[in-house]
Amino acid sequence: MEVEDLKEKFLKLNFDEAEFHVDGDDMVGFALACGETAARYTDPADPDFHATPTFPARFHGRRMLPRDIPLGGKIPLDAGKAVMPQKKIRPGTKLVGRSHLHDIYEKTGRSGRMIFLVSRMELFDEAEDLACIVDSRMVVRERPGE
Amino acid sequence: MTIARFEDVEFGDDLPTFDPDTGMENVRRFAKAAQMMAARFTDHEGAKKEGLAGAMVPGVMSQAILAAMIHRWAPDADLVKIDTIFRAPVMVDERHHVNGVVTDLNEDERTAEVDLTVTNDAGETRVLGTATVKLP
């Protein structure tokens, strides 16, 4: 599993597309459970009511990685998540999430090599405006000698 | 103390910490809203059957809790980016604390960089991250 080979074959190629409906009740439940207090996130009657900035991180496509990526039978572990909001998301919006591998890199430590895969989902609204970018970082660990 | 404008922020400022509700009832509320009703999040016994020590707070929830802290500190701020690393499980029904500190300021962009952590009562960091926050 060579990183440069993986990059050449898989980087920047869309491997998944999925639709999501933004529900106002879910927006409120999400915000309140996380301790938001501002009316623009918690009160549907607020004139600026919209989803909290990290709300789109809850959307998952049908796949997290390309179907045929060779990981040596290893299951990638969740290593983190980044969210970059681009536009306010209102209730009732239909979003389309398109996913590609945005980056692949490795780190080597005493316990062996770790390969990081950054799966980027770009969420577009009905006007095809980019509403949010969500990066999911996954890590595959190798043991010394593997 | 809340922040209204970029000029109110100083390098090294601590954000007001708060203890999020990581009890089972609230995590189930989150899981329902996020459509993440999996046993590993909503049921201790179910999580143990999956080989876990108990139910875990979803990473997405920990991230949103950190965002909520930023909004409590600077109610009119816009989150430009938040990046979190899930270092260790945040266990449901254990007490946790969220903390933030301003580590950089960009006058031209009117943004602040904030380092973020979720710690437990033992002082162990379970989630860490950074955020870029744009202020009025």
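Guide: Ala, Val, Leu, Ile, Met, Phe, Trp, Tyr, Cys and Pro count as nonpolar, Asp, Glu, Lys and Arg as charged, and the others, Gly among them, as polar. This is a predicted model, where local features need pLDDT of at least 70, side-chain atom pairs count only at pLDDT 80 or more, and totals for chains, interfaces and linings use all residues. Residues are numbered from 1 along each chain, chains are lettered from A, and side-chain values use heavy atoms, without hydrogens and water.

Visitor: How do the residues lining the largest cavity divide under that scheme?

Guide: Five are nonpolar, five polar and four charged. Among the 14 lining residues, A:M64, A:S99, A:S119, A:M121 and A:S136 lie nearest the centre of the largest cavity.

Visitor: What makes a space a cavity?

Guide: On a 1 Å grid over the protein atoms alone, a cavity is a set of points where a 1.4 Å probe fits but cannot get out; lining residues have an atom within 4 Å of a point. The search of the whole structure finds two cavities of 30 Å³ or more.

Visitor: Which residues line the second largest cavity?

Guide: B:P20, B:T22, B:S62, B:I65, B:V90, B:V98 and B:V118 do. Five are nonpolar, two polar and none charged.

Visitor: Why is α4(B) called mostly covered?

Guide: Buried means under 20% relative accessible area (1.4 Å probe, protein chains only), and 13 of the 15 residues of α4(B) are buried.

Definitions and conventions: Buried means under 20% relative accessible area, exposed over 50%, partly exposed in between (1.4 Å probe, protein chains only). Helices (H or I, at least four residues) and strands (E, at least two) are DSSP runs, numbered from the N terminus. On a 1 Å grid over the protein atoms alone, a cavity is a set of points where a 1.4 Å probe fits but cannot get out, and a pocket is an open set with protein on both sides within 12 Å along at least five of seven lines; lining residues have an atom within 4 Å of a point. Grid points are joined across faces, edges and corners, and a volume is the space filled by probe spheres set on the points.
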